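Subject: Structure handover

Dear colleague,

I am passing on the structure below, followed by a summary of what was found in it. Please keep it open while you read.

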Amino acid sequence: MLTRSERIREVIEDLGPTFIKFGQIIADRPDLISEPLREELKKLQTAAKPFSNEVAYHIIEEELGDPVYEVFDSIGQKPIASASIAQVYEGVLKDEKRKVAIKVQRPHIRQKIKLDLVLMKILVEYAVKSYPELASFNLAAFVEDFGTIMMKELDFANEASNMMRFSEMFKNDDTCKIPRVYNKYTTHKLLVMEWVDGIEPQKIHSENGYDKTKIAVNGTQIILKMILKYGFFHADPHDGNILIGHNNQMILLDHGMTASLKPKQIDALISFLLGFAESNENKITKALLRLMEIGYYKNFEELEFDINELVQKYSYIPSNKIDVSMVMNEAFRIILRHGLKVPSNLYMLIKTIGTIQKFAEDLNADISVIEFIKPYAKERIVEKFTLENLLNKVVNSAEDYLYLAETLPKDVREIVNNLKKGVLKHEINFREDSFTNKALRNTTNRIAFVFIMGLMLVCSTLLMIYRSDSGLVKAFFIISIVITGWTALTLFFKTKFGS
Ligand SMILES: Nc1ncnc2c1ncn2[C@@H]1O[C@H](COP(=O)(O)OP(=O)(O)O)[C@@H](O)[C@H]1O
Ligand SMILES: [Mg+2]
């Protein structure tokens, strides 16, 4: 007797490549499906029959507008790889006399996938109608996201552009290689790139002069650099998309699936992970909310309490042994339990970190992702406190107001948040003479005052650092300290005893 999960997997396999891919991706979403089903869907394998050389050559000719032998001196008689979306051939370019890999898209695959996506939408609508409890999972949005991912993967011009972006990132870094793209011969359905020689990671043995630990370290560093330095990363770095070259170099292939993080999310991610290393639940909770791009959460304390449970659970494991993707997964689950939303790029992030951790484990390397993150944290802090950035931070946007407000009492922070969300405006409109309104008006004035004082203090401190020899600067510095100190004291008494 098959279990329900096994039956679902078999049905998906029968439905073909789009559904298989859908199953593989949804297997990484603990917010959408149960644990047993996730385990079962992780077993999904794509079994695609190769298509004939005639068909492949025909597609190449159609894309290039020239006969195959006008462009290539030679082309392999058999594809070296064949998967659900494409087939790869080896060849030699006529004009450059260079060996290349030719990735040819499967015939009519775009139409088939589009049709499958429509079918998938109908199935989801039907499922949600029949089982209303599914509505809260927002499967429709997931299908929408999945459609976008699939369509991007199908566009080889997009893959080529991703490859060029990664090449630029690693142009001075010998530990990583991305094949060069031949733009002249690349279209939406055809990708011609430099041929790279390397061996598959599973075939690495130390006897052949390879260093497994170095390879694992390289791989992890490369993916972390993409995530933490550039906020743009390869979202599918599994064994099949990696080759190992000379000097333990990591060659990355298959760049159709990528994801991005915003600079603020990168900061939050670093803070989140360091928070774990320090067992600091307050830092972790704040970082999590910033990572999810949630400005204010009314049940912050309850969330912090739940996060503390998680911290306690891991407190017996040394921070350098923490399984980062697992911890993130558990933290995200807590976020979901609180009814908050996790943006889909963060699931891609967990999956990517998990994949590269597994890559390192398979090489028997004992690697601490947290240790690798520390230098990025330092770099970010230094970057944040350059004169230019500090001034930008203080002066520029209303959001950065919060940066200063973070040091103010918690209730003031809540008010600023409400101000940002427009909640406060309504209160002022509706309850013009109420006690809260008067209190708020006073508090807002005070915040503005403290803000100006803070600004003065920051400017004078900076001037002190950079031009401490000038008497005028010193006087400015001392006056700012006195005024700010005096204001802070008055404020303290006013807040305590009412105004
Ligand atoms: N530039 C290249 N040089 C050498 N082999 C390549 C190159 N590009 C792809 N391959 C081989 O073709 C296989 C499939 O390519 P990939 O881009 O991963 O396609 P798919 O999207 O079908 O997985 C790779 O696993 C690798 O063995
Ligand atoms: Mg691949």
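Does D254 count as buried, partly exposed or exposed, and what is its relative accessibility? D254 counts as partly exposed, because its relative accessibility is 28%, where buried means under 20% relative accessible area, exposed means over 50% and partly exposed lies in between, with a 1.4 Å probe and protein chains only.

Before the rest, a word on conventions. This is a predicted model, in which local features need pLDDT of at least 70 and side-chain atom pairs count only at pLDDT 80 or more, while totals for chains, interfaces and linings use all residues. Residues are numbered from 1 along each chain as its sequence is written, chains are lettered from A and ligands numbered from 1 in the order in which they are written, and side-chain values use heavy atoms, with hydrogens and water left out.

The metal site comes next. The magnesium ion, ligand 2, is coordinated at 2.2 Å by N241 through OD1 and by D254 through OD; donors here are N, O and S atoms within 2.8 Å of the metal (3.2 Å for Na, K and Ca), and since water is not among the atoms, sites may look incomplete. N241 lies in the loop between β7 (232-234) and β8 (242-244), and D254 in the loop between β9 (250-252) and β10 (258-260), so the pair ties together parts that are 13 residues apart in sequence. Strands are DSSP runs (E, at least two residues), numbered from the N terminus.

A polar backbone atom of E194 is 2.9 Å from a nitrogen atom of ligand 1, and one of G240 is 2.9 Å from an oxygen atom of ligand 1. Taken alone, ligand 1 exposes 550 Å², of which the protein buries 83%, with areas from the Shrake-Rupley method and a 1.4 Å probe.

Finally, strand β3 (residues 86-93) is largely enclosed by the rest of the structure, because 6 of its 8 residues are buried. β3 pairs with β4 in the antiparallel sense over 7 bridges, where pairing requires that DSSP finds at least two bridges between the strands. V92 stands opposite K99 in β4, and the β3 and β4 hairpin has 5 residues between its strands.

Best wishes

Note on methods
A polar contact is a pair of N or O atoms within 3.5 Å; within protein, one must be able to donate a hydrogen and the other to accept it, and residues adjacent in sequence count only if both atoms are side-chain atoms. Helices (H or I, at least four residues) and strands (E, at least two) are DSSP runs, numbered from the N terminus.
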